[in-house]
Amino acid sequence: MFGKSYSEPKNTETYTTPPPLFEPEPAPAPAPKPEPKIDTIIGEGTRIVGTVTCKTLLRVDGIIEGEIISESKVVVSEKGLVKGDISAENMTLGGELTGNAHVREKSEILATGRLHGDIITKTLIMDENAIFEGKCTMNQSALEKMNRIPDVKPEHKPEPKAEPKTEPVFSAKEQN
């Protein structure tokens, strides 16, 4: 018992896995999401004062002094400046925004981006060295309050009809 070493008999047979009958196909890579086409560019050296509304992707390399309403994405490049509010589906900020942002999906503030105002968004991604001075709200009730981006053409709402006033009716004979 003591002094004897016990070892199990060694198995000299080696087992190998047989080769597969067919080569498995590699899993398909996810299809890359196509980059949205930029339909509208506010070029460097261009200044717009007023409200800009668009249904497609908007890129700002110049200056906009006023509100931006987009049903798609707004990209403010490093050279871009917006002095006003932005309402959009998605936003990428590489330049400067002095105003509030209401973004229904994803907001990105790049390292060169500067936001001076409040933001309501579903998702916020902020690079290191980005500047954000304001308040961020990322809750469902705030998103529901945003409802949807207003249509490009404002809806005309008829004014409520006033109840007719009941005044006594006089004939021409009674007024004399």
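Predicted model: local features only at pLDDT ≥ 70, side-chain atom pairs only at ≥ 80, totals over all residues.
User: Why is the contact between Arg47 and Glu65 called a salt bridge?
Analyst: The term requires a side-chain nitrogen of Lys or Arg within 4 Å of a carboxyl oxygen of Asp or Glu. For Arg47 and Glu65 the closest N and O atoms are 3.1 Å apart. The pair therefore meets the cut-off. The structure holds six salt bridges.

User: What makes the Arg47 and Glu65 pair a tie between separate parts?
Analyst: Arg47 lies in strand β2 (residues 47–49) and Glu65 in strand β5 (residues 63–65), so the pair joins parts 18 residues apart in sequence. Strands here are DSSP runs (E, at least two residues), numbered from the N terminus.

User: Is Arg47 buried or exposed, and how do you know?
Analyst: Buried means under 20% relative accessible area, exposed over 50%, and partly exposed in between (1.4 Å probe, protein chains only). Arg47 has 54%, so Arg47 is exposed. Glu65 has 25%, so Glu65 is partly exposed.

User: What separates the labels of Arg59 and Asp61?
Analyst: They form a salt bridge, with the closest N and O atoms 3.0 Å apart. Arg59 has a relative accessible area of 29% and is partly exposed. Asp61 has 13% and is therefore buried.

User: How do you know that Glu96 and Arg114 form a salt bridge?
Analyst: Their closest N and O atoms are 3.3 Å apart. That value is within the cut-off, so the label holds. The pair links distant parts of the chain: Glu96 in strand β11 (residues 96–98) and Arg114 in strand β13 (residues 114–116), 18 residues apart. Glu96 also stands opposite Arg114 in β13. Glu96 has 21% relative accessible area and is partly exposed. Arg114, at 27%, is partly exposed too.

User: Why are β11 and β13 counted as paired?
Analyst: Two strands pair if DSSP finds at least two bridges between them. Three bridges join β11 to β13, so the pair qualifies. The two strands run parallel.

User: What makes β2 and β15 edge strands?
Analyst: Six strands form an open sheet in the order β2-β5-β8-β11-β13-β15, with parallel pairing. β2 and β15 (131–133) each have a single partner strand, so one side of each is left without a neighbour in the sheet.

User: Which residues have the most contacts inside the largest nonpolar core, and what makes a core?
Analyst: A nonpolar core is a set of buried Ala, Val, Leu, Ile, Met, Phe, Trp, Tyr and Cys residues joined through side-chain atoms within 4.5 Å. The largest one has 21 residues, and Val60, Ile68, Ile86, Met91 and Leu97 have the most contacts inside it. β12 gives the most to this core, with three residues.

User: What does Ile68 touch?
Analyst: Contact means heavy atoms within 4.5 Å. Not counting residues up to four places away in sequence, the partners of Ile68 include Val52, Leu58, Val74 and Val82.

Notes:
Residues numbered from 1 in each chain as written. Heavy atoms only, no water. Helix = DSSP H or I, 4+ residues; strand = E, 2+ residues; numbered from the N terminus.
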